[in-house]
Structure formats: C-alpha cells, structure tokens
Amino acid sequence: EKKGGRNFDLKQIIKGMEELVLANAGVDVFNEIFKLIYAKLYDEKEAQERRGGEIKFRKYKDNQKTYDVINDLFKKSIKEWPGTFNEIEKIELSPEHLQVCIGLLENILLFGSDLEVIDAAFEYLMPEAAKTKKGQYFTPRHVIKMAVKMLNPKDEEYIIDPACGSGGFLIHAMYWVWDKYYKNATQSAKSSYANKYLFGLDFDDKMKKISQALMLIAGDGRSHIFRLNSLDARDWQGDEEEKEKARSEMRTLLTHFKNPEEEKENQKTFRYFNFNLLLTNPPFAGEIKDSGMLRQYSFAKDKKGHLKGKVERHLLFIERSLDFLRPGGRMAIVLPQGVLNNTNMEYIREWLFNKARILAVVGLNVNTFKPHTGTKTSILFLQKW
C-alpha cells in the first residue's frame with residue numbers, strides 16, 4: 001500500500017531503507033537519514049516559492065544526478081538552519097544507495113505532519129545501547145500532555161527543559177500556548193513565539209539533533225536548543241561557536257544580584273536563571289563522582305558541609321532545576337519514586353520544603369517507561385518560593 005503526503009509511517013520507511021541499503025553501506029545510519037530529512041525539509045520549504053511548486057527532492061533517471069541534486073539540497077539546508085550539521089559535511093551514501101532511499105522518501109510531506117509519527121521513527125533510530133547506558137527514554141506523550149496541562153503555560157512565559165531529549169515537553173508546551181493564545185495568528189507569529197520563549201539543553205548530540213528537527217517540522221527552525229551539560233558549569237565555558245551562541249542567547253535570562261560578587265559569579269557560571277516554567281524528565285541512570293561537578297551542589301555536601309564521594313544524577317537535577325526558575329516559577333520533573341518516599345531521602349524532602357511549594361505529586365504506572373525501565377516513577381510539580 002503506497003502512502004504519501006502527510007499519511008505515512010516514517011519508522012517503516014526507515015526500516016525499509018535499512019533493509020535495502022543502509023545495513024551494508026558502511027555509513028552512520030543515524031546521520032545519513034538525518035541528512036536526507038534536512039534536505040527534504042529544505043526542498044519542501046523552497047517548493048512553496050518555486051513556480052508550480054516544483055519538487056527537487058526525487059529520483060532522477062541518472063544516479064549521479066540524484067546524488068548531486070540531493071547533496072546540493074542538503075548543503076543548502078545547513079546554511080538555512082545552522083547548528084545541526086557543520087559546513088563540510090556531505091551525503092556519504094553512494095549514488096546507487098541514495099537512489100533507493102530517495103525512492104522511499106520522495107512521496108511524503110514532513111512539514112505539518114504528525115510529530116508523533118516522526119518522533120517514533122527517531123526513537124527507533126536511537127541505538128538501544130545509547131539509550132540504556134544514559135538512562136534516556138522518550139517520555140510517553142500522554143505523560144507530557146498531562147504535565148503541560150497542569151502547569152498551564154501562558155503566552156510570554158519563558159520555558160526550559162534542561163534535559164530535553166527529543167524535545168517533547170517543549171513541543172507540547174508550544175502547542176498548548178499556540179492553541180490558547182494564537183488561535184487565529186499567522187505562522188510567523190507562532191514561530192516568533194517559539195523562537196523567543198522555548199529553550200532546551202541536552203548533553204547528547206544525537207538528542208539535540210532530534211529535538212531541533214522536530215522543532216523545525218513543528219513550524220519553527222531555529223529554536224534555542226543547545227548541546228550543553230546543564231549540570232556542569234564548566235561545560236558552558238569555552239569558545240566553540242555553539243557555546244558562545246548558547247551563552248549569548250541565555251545571558252538575558254540570568255538572575256541579577258545586588259551583591260557585585262554574586263553578580264559577577266553568576267555571569268561566569270550561568271547558574272541562576274529567571275525562567276517561568278521548567279518541564280523535564282532527567283536521565284536517572286548513573287552516579288556523579290566528579291568532585292569538580294559535585295562541588296557546585298549543596299545536595300553533594302553532608303550535614304557537616306563535607307563533599308560526598310558520589311551523588312545520583314537525578315538528585316543534582318532537582319537542585320539545578322530550581323536554580324533555573326525565578327521566584328514563583330513552576331516546574332514538573334519526572335523522578336524515581338524513591339526520592340519522594342524512602343526514609344534515607346528525608347534530607348532532600350526537607351531541602352525541597354524550604355525552597356518550594358509542592359503543588360502535586362502524580363504517581364505513574366509502573367509500565368509507563370517499559371520496555372526501557374520498570375522503575376516506579378512520579379512527577380513532582382513544584383512552585384519556587
């Protein structure tokens with residue numbers, strides 16, 4: 001059955017490409033598929049301007065011509081949406097292999113399509129090993145929608161996800177605001193909202209690429225999604241282009257301190273921000289043992305103020321998340337349930353009561369994140385004092 005237009009199953013298409021070509025092509029499957037998706041998006045965008053809406057992203061009789069046209073579209077997409085690929089990249093598939101892939105992709109329309117279909121395809125593309133190792137799981141959409149609905153983001157509220165993965169929280173928050181405040185607005189008004197108010201960070205480059213692509217397909221190409229480790233101030237330093245861009249775009253949202261010392265320190269470490277809303281599902285897996293990172297957190301010190309040898313990563317995320325918020329800011333964070341009811345976690349609850357008002361705790365069914373993990377999780381909703 002041939003499905004075209006906006007009715008398609010991208011996961012099945014990608015499986016087809018893998019079976020026919022990619023498994024034997026000796027390329028990084030994830031990156032090559034991503035390049036084709038960017039080339040396709042660029043062509044769809046340009047086709048709106050071309051006479052008769054001519055589509056260039058298609059199979060040509062001659063394999064080499066197909067390669068030249070598609071590679072050219074990809075090169076132009078890099079200029080159009082910088083930050084996902086670098087200028088020197090090109091399509092690594094041979095013209096013969098590319099011909100087959102294009103045949104599978106040429107009849108679909110990505111812009112304005114169902115993001116969940118595309119998200120499922122990206123989730124399929126993430127190698128299992130990477131997901132398990134870092135404890136990153138795509139958050140089920142009904143969980144995201146519930147959290148967004150409960151926090152009820154408003155127009156002109158700045159929103160961040162410091163472990164944004166594929167960008168699900170940001171995209172659904174954007175839809176919520178569009179639906180409530182932009183019912184009759186133009187697409188460019190919607191995009192400028194997204195460009196101004198939505199921020200996402202993730203330390204994994206593939207995740208960053210996925211969320212940028214989904215944002216692009218949802219109708220906004222250049223949203224503030226950066227590859228950064230939210231937990232480690234040291235990772236924000238450095239003169240790579242992306243870090244400079246992240247700092248310059250986030251600097252306006254830093255908290256200002258009356259005390260000149262604190263002000264100077266915050267301008268350097270990017271620790272305290274004025275976001276209105278934070279929604280996140282941080283990676284649970286792993287303990288942080290790096291003392292340079294632990295030193296940045298009060299959760300990493302014992303009652304006498306001595307540095308602990310190790311702290312679970314998601315605990316640092318709780319503290320870090322509150323620092324992203326302005327007073328009165330609201331947040332939703334997915335956590336292993338133990339944080340909320342184990343006796344040895346009491347110090348964390350005490351600390352939380354001092355920092356924030358607990359709005360709600362929503363227990364999630366034990367199957368929510370299966371097959372990836374059977375950990376019982378809850379979503380904690382807080383409002384910072």
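1. Serine 321 is found in helix α14 (residues 313–324); helices here are DSSP runs of H or I with at least four residues, numbered from the N terminus. Serine 321 counts as buried because its relative accessibility is 0%, where buried means under 20% relative accessible area and exposed over 50%, with a 1.4 Å probe and protein chains only.

2. A polar atom of the serine 321 side chain lies 2.7 Å from the backbone oxygen of phenylalanine 317. Leaving aside neighbours within four places in sequence, serine 321 is in contact (heavy atoms within 4.5 Å) with Pro162, Leu278, Thr280, Met331 and Ile333.

3. The model is predicted: local features need pLDDT of at least 70 and side-chain atom pairs pLDDT 80 or more, whereas totals for chains, interfaces and linings use all residues. Residues are numbered from 1 along each chain as its sequence is written, and side-chain values use heavy atoms, with hydrogens and water left out.

4. In helix α12 (residues 260–269), Glu263, Asn266 and Thr269 are buried. Seen down the axis of α12, the buried residues fall within an arc of 145° (taken from the directions from the helix axis to the C-beta atoms), so they line one face of the helix. The face turned away from this buried side carries the exposed residues Pro260, Glu261, Lys264 and Lys268.

5. Phenylalanine 270, which follows α12, has a positive phi, near 55°.

Conventions: Helix = DSSP H or I, 4+ residues; strand = E, 2+ residues; numbered from the N terminus. Polar contact = N/O pair within 3.5 Å; in protein donor to acceptor, adjacent residues only side chain to side chain.
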